[in-house]
Amino acid sequence: MVEILKKITTIRKEKIQKLGFSFGHSIPQERIVPLNPPKFANPLLIAEIKRSSPSSGMIGEIKDPISLASYYLDCGANAISILTEEDHFNGSIKDLIQVKNTFKKTTILRKDFLQFPEEIEISYKIGADMVLIIIAMFLEDKQTFEEILLEIKKYNLTPLFEIHTKEELDFLLPYQPQIIGINMRSLHTFSIHKQQGILLKNQIPEGIKTIFESGIMSDYDGYIIGSSGFDGMLCGSYFVKSKSNTITSLIHSYKKSKNPANRFHKNIFKQLANNKPLIKICGITNLDDALLACKMGANMLGFIISKNSKRYIDITEIKQISRALKTLYPEVLKIGVLLEDAKDFQQAKELCEQNFLDSLQLHAPDNLPYFAKYNLLNANFNFYICINYENLDDYPKNEYLPFILLDSKSKEKGGSGKSIPLEALKELKNTGEALFVAGGIGVHNIQELLNLGVSMLDINSQIEKEVGKKDPQKLQEIFEIINNHYQKL
C-alpha cells in the first residue's frame with residue numbers, strides 16, 4: 001500500500017481501537033431514513049462536502065453542511081458525497097447524519113477509507129446510500145475485501161469502487177462491479193494525470209458505469225469528462241472554493257459534449273488504449289491527398305487555416321473534403337490547425353459547430369489558458385495545444401489539458417520541418433508523459449520514434465513532393481514502416 005494510504009489507515013485503525021467503529025459519535029440503533037441508490041442522470045453529478053485534503057490543505061470552512069448540500073442540490077447535483085475521515089480531511093460522521101436526515105430522498109455517498117467489514121453496518125445506520133471502496137487498500141488483503149463486499153450486499157448499499165491503475169482494475173473486475181470511479185490524482189505524487197485516467201477508462205468493459213474523480217477545475221473539464229464517455233463525476237474542491245454557480249455550467253458543458261457527432265476524445269483514447277500511435281497527416285490542401293492518406297491508414301487529417309501558411313486551405317475546400325470523408329472514411333478525424341488569430345479562430349470554431357471539423361489544433365499560445373483572448377477553460381468544443389518544445393522547462397503544467405502536441409522550436413511557431421532532438425523526447429517520456437510529436441518526421445527518423453513508443457505522429461513536410469502536395473511514394477513508405485513495426489511486436 002502506498003505511503004499516504006498506509007498513514008491514513010494506520011491512524012484510523014488506532015482511533016477505531018480506542019473509540020470504536022463509530023469514532024465516538026452517537027449512531028442510530030436502526031436506519032431511520034430511506035435507502036436511495038444513485039440514479040444515472042445526464043450526468044450523475046456527485047457534489048462533495050470537503051473541508052481539506054492532504055494534497056490541497058485547507059479548502060474551505062464549512063460551518064453548515066446542510067446549507068452547502070442544499071445549494072448543491074438546487075444547482076443540479078443529484079448525489080452528495082460527504083467526507084467522514086477526521087484527521088486528514090476534517091470530515092465527520094455527524095455531517096453525514098445531519099445532511100441525510102434533512103434530505104431524506106437524496107443519494108448520500110460516505111467517502112472515507114473504509115477498511116473493516118463492521119464499518120458497512122455503521123454506514124448503513126447513519127444513512128449512507130453509497131460507500132467508497134478504495135481498491136488500492138485491498139490488493140494484498142483479498143479476504144477483507146470480500147468480507148466487506150458481503151456486508152455491502154447484506155445492507156443493499158451501492159459501492160463506488162475507486163481505482164487509480166490497471167493493476168487495481170484487474171483486481172476488481174472478477175467481482176463484477178457496477179460502478180467504478182477513476183481517481184485522476186496519483187497516490188504517489190498527488191499530481192493529476194487525466195490522460196492516464198482516461199486511458200484506464202477505455203480498458204473498462206462496456207456496461208460498467210464510470211465516474212471521473214479529482215482534478216475538476218473548469219467548465220472544460222465537464223466537456224472532457226462527457227466526451228471521453230464517463231457516466232458521471234465526483235467533485236468537491238472546485239465547488240467549495242468557487243463563489244459562482246459552477247455546478248450548472250459544469251453540467252451544461254458535459255451535456256454539450258454529448259452531441260452524437262462528437263467523437264474526438266473517445267476515438268483518440270480508444271486508439272491509444274490499443275497501444276498504437278495515432279497517425280496525423282497534416283497540411284492537406286486537396287481532396288486527392290486527403291483520400292490517399294486515409295487509404296494508407298491515417299487516423300487524422302490536418303487542415304491549416306492560418307492564411308500566412310504556405311499550406312493554407314480555404315473554408316470552402318475544407319467543407320468539400322469533409323463531406324467526402326464522412327461518406328468514404330467516416331472514422332478519420334478532421335483537425336483545423338491555426339495560429340493565434342481571432343478571426344481564424346472564430347471561423348474554425350464554427351466549422352467544429354457545423355461538424356466539418358472534429359477538433360482544433362491551437363499553435364503555441366503565448367498566454368495559456370487564453371487563445372486569441374478566449375479563455376479555453378470555458379471551452380465547450382474539442383481542441384488541443386501544440387507547443388514549441390526543446391526541454392522540460394517548455395512543457396506546460398496545465399492540468400486541464402488531456403494531451404499536448406510537441407513541435408520543434410522555430411520562428412514560425414511550427415511548420416519548420418525541423419525535428420525535436422530524440423534525447424529531449426526521451427527525457428520527457430521518463431517523467432511519465434505520453435509523447436505526441438510533430439516536426440520533421442519522415443522516412444529517415446520515424447523508426448526511432450516508433451521505438452520510443454510515441455502516442456501520436458504528426459507528419460507533414462517530409463512527405464511532400466512540393467509545398468502543399470503530398471508524395472504518394474513517401475506516404476506509402478511511411479505507412480509501410482509503421483505497419484511493419486507493429487507486425488513484429
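I count a residue as buried when its relative accessible area is under 20%. I need that cut-off for my first entry. The model I am reading is predicted.

**Entry 1: strand E13**

I looked up strand E13, residues 333-338. Leu333, Ile335 and Val337 point one way from E13. Lys334, Gly336 and Leu338 point the other way. I checked both sets, and all of these residues are buried. Six of the six residues of E13 are buried, so the strand is largely enclosed by the rest of the structure.

Next I looked for a partner. Strand E12, residues 300-304, pairs with E13 in the parallel sense. I found five bridges between E12 and E13. Isoleucine 304 stands opposite valine 337 in E13.

**Entry 2: alanine 290**

I turned to alanine 290, which lies in helix H12, residues 287-296. Is alanine 290 buried or exposed? Its relative accessibility is 0%, so alanine 290 counts as buried. Leaving out residues up to four places away in sequence, I listed what alanine 290 touches: Ile284, Leu301 and Ile321. I also looked up tyrosine 329, which is 39 residues from alanine 290 in sequence. In space, the two are 10.0 Å apart, C-alpha to C-alpha.

**Entry 3: H12 against H17**

I stayed with H12 and looked up its packing on helix H17, residues 472-488. Two packed helices are described by the angle between their axes and the distance between the axes. For H12 and H17, the angle is about 20 degrees and the axes are 10 Å apart. Angles under 35 degrees count as roughly parallel, so H12 is roughly parallel to H17. The crossing of H12 and H17 is right-handed.

Which residues make the contact? From H12 I noted Leu292, Ala293 and Met296. From H17 I noted Pro472, Leu475, Gln476 and Phe479. The residues of this contact divide into six nonpolar, one polar and no charged.

**Entry 4: the barrel**

Last, I traced a closed barrel of eight strands. Its order is E1-E4-E5-E6-E7-E8-E9-E10, and the pairing is parallel. Neighbouring strands of this sheet are turned by 25 degrees against each other on average, direction ignored.

How many bridges join strand E1 to strand E10? I found four between E1, residues 44-49, and E10, residues 232-235. The bridge partner of leucine 44 in E10 is glycine 232.

Helix H5, residues 142-154, touches strands E6 and E7. The direction of H5 makes about 170 degrees with that of E6. Helix H7, residues 194-201, touches E7, E8 and E9. The direction of H7 makes about 160 degrees with that of E8.

How values were computed
Residues numbered from 1 in each chain as written. Predicted model: local features only at pLDDT ≥ 70, side-chain atom pairs only at ≥ 80, totals over all residues. Heavy atoms only, no water. Helix = DSSP H or I, 4+ residues; strand = E, 2+ residues; numbered from the N terminus. Buried < 20%, exposed > 50% of the residue type's maximum accessible area, 1.4 Å probe, protein only. Contact = heavy atoms within 4.5 Å. Axes fitted to C-alpha atoms, helices over the stretch in contact; angles between N-to-C directions. Parallel < 35°, antiparallel > 145°, perpendicular 65-115°, else oblique. Left-handed = near helix turned anticlockwise from the far one by under 90°. Nonpolar A, V, L, I, M, F, W, Y, C, P; charged D, E, K, R; others polar. Pairing = 2+ DSSP bridges.
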